[in-house]
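Please look over the sequence and the model below before turning to the notes that accompany them.

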Amino acid sequence: MRRSRSISKEGSGGTRAADPPSPDWHALSIEKAYELLETTSGGLSEAASEQRLREFGPNELPSEKSPGIFRIFLRQFLSPLIYVLIAAGAIALFVGEMLDAGFIFIVILINAVVGTIQEAKAEKEAEQLQRLIRTTARVRRGGTEVTVPAEGLVPGDIVLLESGNVVPADIRLASAVSLAIDESLLTGEAVAIDKRAERAEAGAPVSDRWDMAFAGSTVVRGRGEGAVVGTGLRTEIGEIAETVSQTEKTKPPLLIRMERFSKQISYVVVAAAAAMSVFALLRGVPLLDVFFLAIALAVAAIPEGLPVAVTIALAVRVKKMAERHVLIRRLAAVESLGSCTTIASDKTGTLTVNKQTVKVLVLPGMEPLRASGEGYEGEGEILTESGAPPGERERAMAMRIVEAGILCNDGTLVRSEGGWKHSGDSMDVALLSLGYKTGMDPAGVRASVNEIASIPFESERRYAAKFYSRGGGPEAAVKGALEVVLPMCSRVMGEEGPLPLDNDAMERESHRLMSQGYRVLAVAGGEVGEDAASSPDGRGLRGLTLLGLVGFIDPPRQEAKAAIEKAKCAGIKTIMVTGDHPSTALTIAGDLGIASGPEQLVSGRELEELGGPEVPKFVDRVKQGRVFARVTPIQKLEIVDVLINEGEFVAVTGDGVNDAPALKKANIGVAVGSGTDVAKGSSSIIVTDDNFASIIAGVEEGRYAYENIRKVTYLLVSTGVAEITLFILALLFGLPGEGGAILLPLMAIQLLWLNVVTNGIQHIALAMEGGDPNVMNLPPRDPSEGMFDRLMVREVAVSGLTIGAMAFTLFYLLVEAFGRSPFEATNLTFLFMVLIENVHVFNCRSERESILRIPAGRNRYIFVAVLAAQAVNLIAMHVPLTQELLSIAPVSLTEWLTLLAYAAILVAVMEVFKYFERKRIVPICGPGGTGPAP
């Protein structure tokens with residue numbers, strides 16, 4: 001058998017680089033396609049199909065295997081902070097500090113277990129969403145029709161298609177009868193594309209290849225047949241899937257920041273430990289004691305509880321996001337969504353309802369009417385432009401259009417217990433929905449006439465007609481393109497009855513609607529001759545009355561506009577990237593507040609003419625654009641690439657295979673739940689209700705998560721700084737102890753206890769802090785900003801130095817001014833550190849807001865945690881085992897209250913600090929803001 005140029009002997013998972021170039025099947029006649037494929041209209045023989053299946057491999061895309069539980073567990077250790085902790089634990093183990101080493105490794109293990117549980121759960125839920133449904137295909141083999149699994153198709157098979165089928169492979173159509181296919185997963189267009197068998201032009205884009213049916217698309221109406229020309233990776237979907245596999249994933253923002261933070265904290269800890277070692281040696285502290293002190297302080301300064309707290313903070317938000325229809329596949333993706341500065345959103349199904357809806361009725365010579373409601377539901381009404389109910393004459397004229405639309409219709413729309421159920425072409429269903437809104441019952445309207453014949457819609461005809469009688473002569477109801485319907489009409493329905501037809505006026509109205517993004521159908525009706533009903537091509541359709549024009553659009557989601565406004569208040573730019581028509585895209589973007597004018601519209605053709613991302617004009621145009629229409633998958637990827645290179649953190653939303661490369665390239669990929677498996681597999685987040693408002697809710701939860709991570713970091717690092725400050729002051733200005741050594745305020749084991757017990761209990765509760773309602777009125781973080789930004793440095797320095805200075809002052813005065821023994825001074829200093837950490841956790845609940853203004857109900861866990869930490873410490877002071885281990889003893893109630901009052905000074909210091917910090921930042925929206933109120 002002579003091998004076709006389009007097919008290699010590799011299987012579908014083979015290396016495509018060696019494949020010979022494929023012909024442009026859409027530009028070939030069907031006879032030439034049959035010749036190259038060595039097939040006929042009768043199909044392949046069973047022997048030939050089996051041979052080709054062995055040679056070319058199954059018709060399927062390689063799928064990414066879900067990671068096993070062990071792989072997920074190992075993945076938890078791939079964190080820079082974990083590396084630091086492991087190193088610290090190894091050092092502690094080497095020098096014999098078994099308690100320190102044991103604690104550190106327990107923390108690491110707990111973090112890994114918690115992270116594994118959360119990620120495994122998320123992966124399982126994502127896998128359930130992505131589970132493929134086994135499909136079959138009707139083929140003709142050896143002249144006989146048989147049903148085979150879709151993965152068993154091979155090039156040369158003759159596939160039969162009908163309404164409702166998912167196209168199983170790329171097919172060159174040999175025949176098409178009223179065939180329309182939804183290719184939105186490839187093109188982004190919401191309206192089904194009419195197909196015909198005549199070959200398309202060479203070089204035509206996917207959306208204009210009317211003689212091709214592409215794998216993964218859905219047959220909306222009609223029937224057809226054709227020859228398989230591509231399977232597996234050699235389909236349009238396969239090419240995009242291969243691009244996805246070669247696209248490098250971008251690191252999550254949280255991982256970038258944590259890597260930077262880990263380096264910073266490592267440098268600080270090493271520097272501080274080295275400085276204290278030098279001071280201690282100069283003050284006469286024995287070398288071995290200096291070594292153990294440096295290790296103890298290094299371990300104390302490293303926020304070993306941070307990985308657990310980060311995991312819990314993210315896990316809490318995973319649950320909250322799930323409640324808001326956002327499914328997280330990776331924990332780090334929680335914060336990533338909150339970091340975005342730009343959201344590049346698909347249009348169809350995310351910003352719009354993905355349901356064609358009648359919005360405008362043009363009545364000849366009268367004011368247009370508007371239809372309320374959206375989608376395939378019967379709720380709504382017809383109103384004038386001013387929002388008032390139409391007059392009797394306007395309503396009567398509108399009812400004629402609606403009745404004709406119901407009669408010339410092959411769709412269904414009925415109300416059931418579970419809501420509205422529909423089937424058929426989207427425009428047919430939209431006309432039925434309009435009928436319900438006017439009070440008509442479509443079933444009743446159809447039952448009131450006797451159907452005689454029909455002319456189904458075909459792309460060649462560009463109209464459809466139904467012939468019926470009401471007991472008299474035959475009548476017709478016609479809908480279609482205006483330029484096709486106008487020649488059928490001799491008059492137009494006016495306010496007082498039929499009037500002479502003004503073709504130019506109707507064409508102007510049609511162009512006006514199309515310029516606003518509407519898809520326009522002309523509707524006509526009237527009596528016809530007997531020959532018209534019997535003529536299969538409608539030649540007798542003359543002398544009809546033009547009833548009016550109907551404007552359809554896939555309307556914006558009602559909640560999307562508010563969500564976009566909320567994103568603006570959060571300093572996030574929303575852009576639309578779609579394969580849909582430019583005028584439609586610009587209209588929707590204008591309604592949603594994404595674009596303010598046509599200068600912000602960029603077409604795929606314009607980008608192609610500009611070149612690529614390496615061209616400065618291309619980059620400038622992308623930066624100016626807010627709406628990108630008729631773009632290819634590669635152009636969408638290039639747009640995202642430019643934005644990322646310009647310093648933006650980009651979240652990309654999408655549902656189709658055409659979105660997959662950009663989803664994978666983005667800082668955070670957001671797939672919608674009803675989208676394709678390729679899109680979901682390329683994303684980190686799945687929005688289960690396909691709603692842009694849910695994406696913004698996810699951004700809000702992501703910001704909450706990052707704020708809580710910052711709060712925990714603030715608590716842990718500031719107390720570490722306080723402990724280092726305490727010891728530096730003790731070395732610099734300390735008191736002499738036994739044998740001339742410096743008297744140290746705390747023991748190494750006491751430092752560890754403070755980190756393990758006091759902060760160990762509190763920081764977990766702090767990670768569960770509720771969201772600050774003002775978080776979406778503030779600008780996004782600078783993408784280049786690390787965890788230790790200016791605010792973090794200032795607040796850590798002020799609080800850490802204050803706590804350290806207060807603790808040393810207390811220790812010094814207890815020994816020098818009050819004559820307490822070193823044991824008593826250390827005991828009271830230890831209790832003071834416990835109490836001031838109890839107090840400080842309330843400061844950390846917000847980095848700017850006063851603790852007096854934070855509602856207690858935002859985090860009830862924090863109060864329980866503080867009481868538990870205090871109770872554990874008080875019990876430890878009375879239990880002999882812990883008394884001996886920690887070298888502590890009970891204190892009087894007076895001493896406890898005095899230390900608590902002294903610790904409260906920290907609140908006053910930090911309230912003053914927060915007051916000035918609040919003056920530094922102006923919210924984008926709301927009181928005092930520079931933007932619109934949310």
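The briefing below moves from the whole chain to its nonpolar cores and then to its aromatic rings.

This is a predicted model, in which local features need pLDDT of at least 70 and side-chain atom pairs count only at pLDDT 80 or more, while totals for chains, interfaces and linings use all residues. Residues are numbered from 1 along each chain as its sequence is written, and side-chain values use heavy atoms, with hydrogens and water left out.

**Whole chain**

- The secondary structure of the protein chain comes to 32 helices and 29 strands, where helices (H or I, at least four residues) and strands (E, at least two) are DSSP runs numbered from the N terminus.
- Of the 934 residues in the protein chain, 57% are buried, with buried meaning under 20% relative accessible area, exposed over 50% and partly exposed in between (1.4 Å probe, protein chains only).
- Among contacts (heavy atoms within 4.5 Å) with a separation of 6 or more, 72% join residues 24 or more positions apart.
- The accessible surface comes to about 38000 Å², and carbon and sulfur atoms hold 58% of that area, as computed by the Shrake-Rupley method with a 1.4 Å probe, where for residues only the protein chains shown count as cover.

**Nonpolar cores**

- A nonpolar core is a set of buried Ala, Val, Leu, Ile, Met, Phe, Trp, Tyr and Cys residues joined through side-chain atoms within 4.5 Å; in the largest one, which has 146 residues, the members touching the most others are Ile343, Phe467, Val478, Leu541, Leu546 and Phe832.
- Helix H25 (residues 692-733) gives the most to this core, contributing 20 residues.
- Leaving aside residues up to four places away in sequence, Ile343 has contacts that include Ile572, Ile575, Ala651, Phe692 and Val699.
- A second, separate core of 36 residues includes Ile406, Met427, Val523 and Phe552.

**Aromatic rings**

- Five aromatic pairs are found in the whole structure, a pair being rings of Phe, Tyr and Trp (its six-membered ring) with centres within 6.5 Å, counted as stacked for planes under 30 degrees apart, edge-to-face over 60 and tilted for the rest.
- The rings of Phe808 and Tyr812 are tilted, because their planes stand at 45°, with the centres 5.8 Å apart; both residues lie in helix H27 (residues 790-816), four residues apart, about one turn of the helix.
- Phe808 counts as buried at 9% relative accessibility, whereas Tyr812 is partly exposed at 30%.
- Tyr915 and Phe916 form an edge-to-face pair, with planes at 80° and centres 5.4 Å apart; Tyr915 is partly exposed at 41% relative accessibility, and Phe916 is exposed at 53%.
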